[in-house]
Amino acid sequence: MAVTGPGVQNIFKIPELKRRILFTLALLGVYRVGVHIPTPGVDGDSLAAFFAQHQNTIFGIFDMFSGGALERLSVFALGIMPYISASIIIQLLTVVIPHLEQLKKEGEQGKKKITQYTRYGTVALSLIQGFGISIGLENMTSPGNAPIVIEPGWSFRLMTMITLTAGTAFIMWLGEQISERGIGNGISLIIFAGIVARLPAAIGNTFRMMTTGEMGVFGVIILSLLMVGVVAFIIFMEMGQRRIPVQYAKRVVGRRMYGGQSTHLPLKINTSGVIPPIFASSLIMFPSTLASFFSGVPWMETVSNALMPGSLIYELMFVAFIFFFCYFYTAIVFNPADVAENMKKYGGYIPGIRPGKRTADYIDRVLTRITLGGALYVSAVCVLPSILMTKFNVPFYFGGTALLIVVGVSIDTVRQIESHLITRNYEGFMSPAGAKRKGR
């Protein structure tokens, strides 16, 4: 039976799409179960008390991306962050290492090789981070001075390294399986699942504050409208493009004529995605995290307090770093000179602009302008949580990197589902049954 249109009601009418969605949900369920499996040798109550005291440090950020696994020190405590870090490192190295740059241009085979290097890098980073976490845990105590590690020593360190590395490798495998046999980008969906898992607790806190009178019904309504507006704004900006018109000249090959069509070069407003706020927050919170371990030193406490989210210094530095990384990462992932060269090779040109260097300069100028708008947009969304929590007493974290990831992954997944629906619709139209109906 052909699908009449790409609507939600048609999703489960397509066996393949239904199987992919159920497969994705099953693997995400496996991930959420693993988040609750603790690593041996750690006092869970002492660790939870420690994290409650350090929510506004770099530990809080990593715990958010791990879906609460780091707070419990589960087997998935490192989450998918080592894989993301390895991917970013490999991507940056393609600019400076000719071999990696060549692999990037070799199509599918080169992509497979780069993916293999990323896996090796993920395992290496996981081992290093696992060793660092084990050493750090041995030196940590809860607010009541209770030790977090029950029996410190090399046996605990090696066990923690192997356990956390195996957990990250398993998550990486889950993500690849979802991307290959499920729906959406597996790695992104795993991060998405970890962030969304905190939603019930946020709703519960809001209702609790309503019952105790800390928040009024009118305030909750205003907050709900604001949240809907912010999500709509993010969707608008994430789908926003600057389309540069491109014309391809006609050329004759044998007896056939090619080219002559008009198209466009789409430039996203936010080319760098969520990388700038992740890097910016990590860089700023690293000094405050170090300062929290030296609570007895006055000047270290001053640094820690000055770099806490909500303070003026923190917000100004956060916005400045976001702007820097927006331009820096965009310059790495998008090369106007290569785009102009490929366009010239296939007979394409921008009307009114000479091919070659003039085209590259024009694309670079347009990209620089829209990146400014993208940086302003990302900065506004990332500063929003601090304003809501400090000025309006909102009981949960809304906005920032987490919201950008949730909305971006949702848009990407919906696009893939819609693509399956439209493809099925075309197949139904071109099937024998469809042809008979058309003949009638």
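# Helix packing in a predicted model

In helix 8, the residues I171, M172, L174, G175, I178 and S179 meet G186, I187, L189 and I190 of helix 9. Helix 9 covers residues 186-196, and the two helices pack at an angle of about 115 degrees, with axes 7 Å apart.

Before going on, a word on what we are looking at. This is a predicted model. The protein chain has a mean pLDDT of 80, and 82% of its residues reach 70 or more. Helix 8, where I began, has the highest mean pLDDT among the elements of the chain, at 91. The lowest belongs to helix 18, residues 432-439, with a mean of 43.

Over residues 1-6 the pLDDT stays under 50, and the model has 14 contacts beyond four places in sequence for them. Over residues 426-440 it also stays under 50, and there the model has seven such contacts.

Now the overall picture. The chain's secondary structure comes to 18 helices and five strands. There are 440 residues, of which 42% count as buried. Among contacts with a separation of 6 or more, 70% are between residues 24 or more positions apart.

Back to helix 8, which runs over residues 154-181 and also packs with helix 1, residues 15-34. The angle between helix 1 and helix 8 is about 170 degrees, and their axes are 9 Å apart. That makes the two helices roughly antiparallel. From helix 1, the contact is made by R20, F23, T24, L27, L28, V30 and Y31. From helix 8, it is made by F170, I171, L174, Q177, I178, E180 and R181. By class, this contact of helix 1 with helix 8 has nine nonpolar, two polar and three charged residues.

Is Q177 buried or exposed? Q177, which lies in helix 8, has a relative accessible area of 13%, so it counts as buried. Leaving out residues up to four places away in sequence, Q177 touches F23, L27 and G182.

Next, helix 7, at residues 108-139. It has 32 residues and reaches 46 Å from its first C-alpha to its last, close to the 46 Å expected at 1.5 Å a residue. Which residues of helix 7 are buried? They are G110, I114, T118, T122, S126, G130, S134, G136, L137 and E138. I128 is found in helix 7 as well, but with a relative accessible area of 58% it is exposed. The C-alpha atoms of I128 and P82 are separated by 9.9 Å, while the two residues are 46 apart along the chain.

My last stop is G373, in helix 16, residues 357-391. At 28% relative accessibility, G373 counts as partly exposed. Which residues is G373 in contact with, leaving aside neighbours within four places in sequence? The answer is M237 and I269. G373 and M237 are 136 residues apart along the chain, and 9.5 Å separates their C-alpha atoms.

To close, I return to helix 8. It packs with helix 1 at about 170 degrees and with helix 9 at about 115 degrees. I171, L174 and I178 are listed in the contact with helix 1, and they are listed in the contact with helix 9 too.

Methods: Residues are numbered from 1 along each chain as its sequence is written. This is a predicted model: local features need pLDDT of at least 70, side-chain atom pairs count only at pLDDT 80 or more; totals for chains, interfaces and linings use all residues. Side-chain values use heavy atoms; hydrogens and water are left out. Axes are lines fitted to C-alpha atoms, for helices over the stretch in contact, and angles run from 0 to 180 degrees between N-to-C directions. Helices (H or I, at least four residues) and strands (E, at least two) are DSSP runs, numbered from the N terminus. Angles under 35 degrees count as roughly parallel, over 145 as roughly antiparallel, 65 to 115 as roughly perpendicular and the rest as oblique. Contact means heavy atoms within 4.5 Å. Ala, Val, Leu, Ile, Met, Phe, Trp, Tyr, Cys and Pro count as nonpolar, Asp, Glu, Lys and Arg as charged, and the others, Gly among them, as polar. pLDDT is the predictor's confidence in each residue, from 0 to 100. The expected span of a helix is 1.5 Å times one less than its number of residues. Buried means under 20% relative accessible area, exposed over 50%, partly exposed in between (1.4 Å probe, protein chains only).
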